[in-house]
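Let's take a walk through this protein together. Keep the 3D view open and follow along as we go.

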Amino acid sequence: MNPSAWWSLPPIPTWETAHPIVVHLPIGVLTVVPLIAIWAMVAGSNRRTVGWAVMLLVLVGAAGTVLAAASGGEAMTVADAGAGSKLLDQHEEMGDLARNCFLVVAGVYAAITILSTFLKDKLKRPLWIGLHAAWLLGFFAAFLVLANAGHMGGRLVHEYGVRAPMGRK
């Protein structure tokens, strides 16, 4: 191995081959969101501040699902699915559904956060906890869709060998 290889940057992939990299952002970010949301539920006087952190993470995660779905659509133009064509179509549909679910989840949490800012002390702790508990149920439903989309993607790669070519066109 070249001694200088450890510090050099890898080649930047084209958009249609970036899907394997891009798809991990929303999965990683959205995995930690429930923990921070639970912290926001039980936090005392700084619960709204923690709520804003949750909103930021959810927005970043939702934006990541938009990028993942877009890069996945482009990856389909260069990938050869062969026997996995049906699964590839299902993966695309599930990825689009995950994106849509997280856009809704992000919008709902933004509404909760903005509402809490305007209501300040009028939004009592039991209502705050109830809103978060209900929101977390929706979040987990959306995350289940995302997990299934990711599982299908993993199957495409590991069972069917579907890969986008990494060289430039």
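What you see is a predicted model, where local features need pLDDT of at least 70, side-chain atom pairs count only at pLDDT 80 or more, and totals for chains, interfaces and linings use all residues. Residues are numbered from 1 along each chain as its sequence is written, and side-chain values use heavy atoms, with hydrogens and water left out.

Now for the overall layout. The protein has five helices and zero strands, so named because helices (H or I, at least four residues) and strands (E, at least two) are DSSP runs, numbered from the N terminus. Along the sequence the pattern reads α-α-α-α-α. Its C-alpha atoms fill a box of roughly 60 × 45 × 20 Å along the principal axes.

Take α3 (residues 47-75) and α5 (residues 125-158): they pack at about 15°, with axes 13 Å apart. α3 and α5 are therefore roughly parallel. Which residues make the contact (heavy atoms within 4.5 Å)? From α3 come Arg47, Arg48, Val54 and Val58, and from α5 come Arg125, Trp128 and Trp135. By class, that is four nonpolar, no polar and three charged residues. Here Ala, Val, Leu, Ile, Met, Phe, Trp, Tyr, Cys and Pro count as nonpolar, Asp, Glu, Lys and Arg as charged, and the others, Gly among them, as polar.

Next, look at α4 with each of these two helices. α4 and α5 pack at about 160°, their axes 8 Å apart, and α4 and α5 are therefore roughly antiparallel. Their contact divides into 22 nonpolar, eight polar and one charged residue. α3 and α4 also pack at about 160°, with axes 9 Å apart, which makes α3 roughly antiparallel to α4. In that contact there are 15 nonpolar, six polar and three charged residues.

Finally, find the largest pocket. On a 1 Å grid over the protein atoms alone, a pocket is an open set of points where a 1.4 Å probe fits, with protein on both sides within 12 Å along at least five of seven lines; lining residues have an atom within 4 Å of a point. How much space lies in the largest pocket? About 700 Å³; a volume is the space filled by probe spheres set on the points, which are joined across faces, edges and corners. The largest pocket has 32 lining residues, with His19, Pro20, Val23, His91 and Gly153 nearest its centre. α5 gives the largest share of that lining, eight residues. By class, the lining has 17 nonpolar, 11 polar and four charged residues.

Definitions and conventions. Axes fitted to C-alpha atoms, helices over the stretch in contact; angles between N-to-C directions. Parallel < 35°, antiparallel > 145°, perpendicular 65-115°, else oblique. Contact = heavy atoms within 4.5 Å.
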